[in-house]
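Me: I have a protein model open and want to learn how to read it. Can you take me through it feature by feature?

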Amino acid sequence: LVLAHGGGIHARLRPLLALAFSRQVASPRVATMSEAVRAAVRAWPETTPLHATREMRSLALVSYGALLGVEGLVFRDWNLVTDYMMNVTAGQVPPIVFRAPWYRRAHRRNSAVLRAALAATARDDESDPPTLLQALAAARTPGAAPLSADEITSYAAYGIGAAIGYVGRLASFLLYELLRDPALLAAVRDESAAMFADGVADARDVRRLPVLRSAYFETLRVHNFAVGMPFDVDRPFEFHGHTVAPGARLIVSPVPSAFDPAQLPEPHRFDAARCREPRNEHRGGGLRAFGLGHRTCSAMGLVEVMTLTLMATLLHERRVEMAPAAYRLRRSVWPLPAPDRRFRIRTAAARAGVGPAGTSLAGDDEDRFTTFPGYDQPAVRDAIARASSVRVPGGAVVVREGDVADAFYLVEHGTVVVTRASVAAPVAVLGVGDCFGEAGLLTHAHRNATVSAGPAGATVRVLTRD
């Protein structure tokens, strides 16, 4: 890995990775990444507390998989390999763990997925933006030589580990800061809604979110999880009156400058406004979260695009709150800092979706039904527009199993719960944009299930056979 090398190897690999892990490669695939995150968060169970850091790491993997162009990435396997690889590197776990059967099985499964994806990297349509895996396969050294298959799969795996290990942690801290500040959260939701209403095309769209972007930079400063980079000393040098001998191990840390009151007023207070116009205090040298000099992380722009896309999509798609609301941050270290397992989130009903990747939504009430089959047909749109909306109190029955079907329904707000007399547990929970009752209406059959409004109630659009 490039992090472990200096000299010629570092000089050879760094330019290639700076290109592959750049904002430019990620930019045209932002809509695809957003759609992948949207699909993942829509599958979250409502009202059930979720382990926030785990979910953010999972979303980071989903997002990176869409960028990489690789399907079949199993979170459990990649999370396990990432955690133990990082802990061995940090000296927290002995290297013997790499010989453990459970580790080797996970590693083999991961490698097989990447090798299979690399074997199928040919671009069938040159008009499509390249995936990151295709960018790695097309990269050439200064001598015009391609990367080897081992190098390509190794760096693809490195990027996956970085997504889970770094982007996931960063998104967790950012989500915590947003959820504990209602005004900041509302501002981020408003600007995200405006962005999705105009349509998401590339990285320029997510980088034009000044409030979210300022919160991102302030999160990097206050919750810098890359607390130090280790270096081995090759030649002796003097530092503030101390002689540092060859063979010594140094840790270069960005943390002290990030909390220097000479550069940043009230440095221990999270203040997103300090990282946007007109203050821009983060540009004064106090923010060095991605390293220094020629060791600055090549993926700095990629991390920004991934994190902003993930958070904007999540907060636009779902209503999220801390559970419990009184939670206050405590960190755990494994091997890098992250919010502890007590940081949990709970989701409410799905919001109006961001729509298929790259589409533009007008933002009116009808747009919540864009996923309904035939919605692009004028007759269907007119029928939905003419249909009446009915507000149903929490727990009230909309249709009852066994009744004659005389209408079908589209969920406009809230959720509905589908149950059957023969099944103990609910059959399904439907959210905004989902429909029910059409089968009985079309076949003149009786209702095969009971549908009731969720605990918070629901609004349904009612369409009759006429």
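This is a predicted model: local features need pLDDT of at least 70, side-chain atom pairs count only at pLDDT 80 or more; totals for chains, interfaces and linings use all residues.

Me: What does methionine 311 touch, beyond its sequence neighbours?

Reply: Set aside residues up to four places away in sequence. Methionine 311 then touches Met56, Ala171, Leu174, Leu175, Leu178 and Leu212.

Me: Now helices. At what angle do the axes of α9 and α11 cross?

Reply: Read the distance and the angle together. The axes of α9 (residues 182-198) and α11 (residues 210-222) come within 8 Å and cross at roughly 130°. An angle over 145 degrees would count as roughly antiparallel, and 65 to 115 as roughly perpendicular. The two helices are therefore oblique to each other.

Me: Which residues meet there?

Reply: From α9 come Leu184, Ala187, Val188 and Glu191. From α11 come Pro210, Val211, Leu212 and Ala215. By class, the contact has seven nonpolar residues, no polar ones and one charged residue.

Me: Next, glutamates. Is glutamate 218 buried or exposed?

Reply: Check the relative accessible area first, then look for a partner. Glutamate 218 is found in helix α11. Its relative accessibility is 0%, so glutamate 218 counts as buried. Its side chain makes a polar contact of 2.9 Å with that of arginine 274. Leaving out residues up to four places away, glutamate 218 touches Arg269, Phe270, Asp271, Ala272, Arg274 and Cys275.

Me: And glutamate 412, buried or exposed?

Reply: Glutamate 412 sits in strand β12, residues 407-419. Its relative accessible area is 4%, and the cut-off for buried is under 20%, so glutamate 412 is buried. A polar contact of 2.9 Å joins its side chain to that of arginine 461.

Me: On to the backbone. Where are cis peptide bonds found?

Reply: Look at omega. A cis bond joins alanine 323 and proline 324, with omega about 5°. Proline 324 is in the loop between β6 (318-322) and β7 (331-333). Another cis bond joins tryptophan 334 and proline 335, with omega about -10°. Proline 335 lies in the loop between β7 and β8 (337-339).

Me: What is the phi of histidine 240?

Reply: Histidine 240 has a phi near 50°. This histidine is in the loop between β3 (237-239) and β4 (242-244). Its relative accessible area is 70%, so histidine 240 is exposed. Glutamate 266 also has a positive phi, of about 45°. Glutamate 266 lies in the loop between α12 (255-258) and α13 (300-317).

Me: Last one. How many residues apart along the chain are glycine 395 and serine 452?

Reply: Glycine 395 and serine 452 are 57 residues apart along the chain, and their C-alpha atoms are separated by 5.6 Å. Glycine 395 is in the loop between β10 (388-392) and β11 (397-399). Neighbours within four places aside, glycine 395 is in contact with Ser452, Ala453 and Gly454.

Conventions: Residues are numbered from 1 along each chain as its sequence is written. Side-chain values use heavy atoms; hydrogens and water are left out. Contact means heavy atoms within 4.5 Å. Helices (H or I, at least four residues) and strands (E, at least two) are DSSP runs, numbered from the N terminus. Buried means under 20% relative accessible area, exposed over 50%, partly exposed in between (1.4 Å probe, protein chains only). A polar contact is a pair of N or O atoms within 3.5 Å; within protein, one must be able to donate a hydrogen and the other to accept it, and residues adjacent in sequence count only if both atoms are side-chain atoms. Axes are lines fitted to C-alpha atoms, for helices over the stretch in contact, and angles run from 0 to 180 degrees between N-to-C directions. Angles under 35 degrees count as roughly parallel, over 145 as roughly antiparallel, 65 to 115 as roughly perpendicular and the rest as oblique. Ala, Val, Leu, Ile, Met, Phe, Trp, Tyr, Cys and Pro count as nonpolar, Asp, Glu, Lys and Arg as charged, and the others, Gly among them, as polar.
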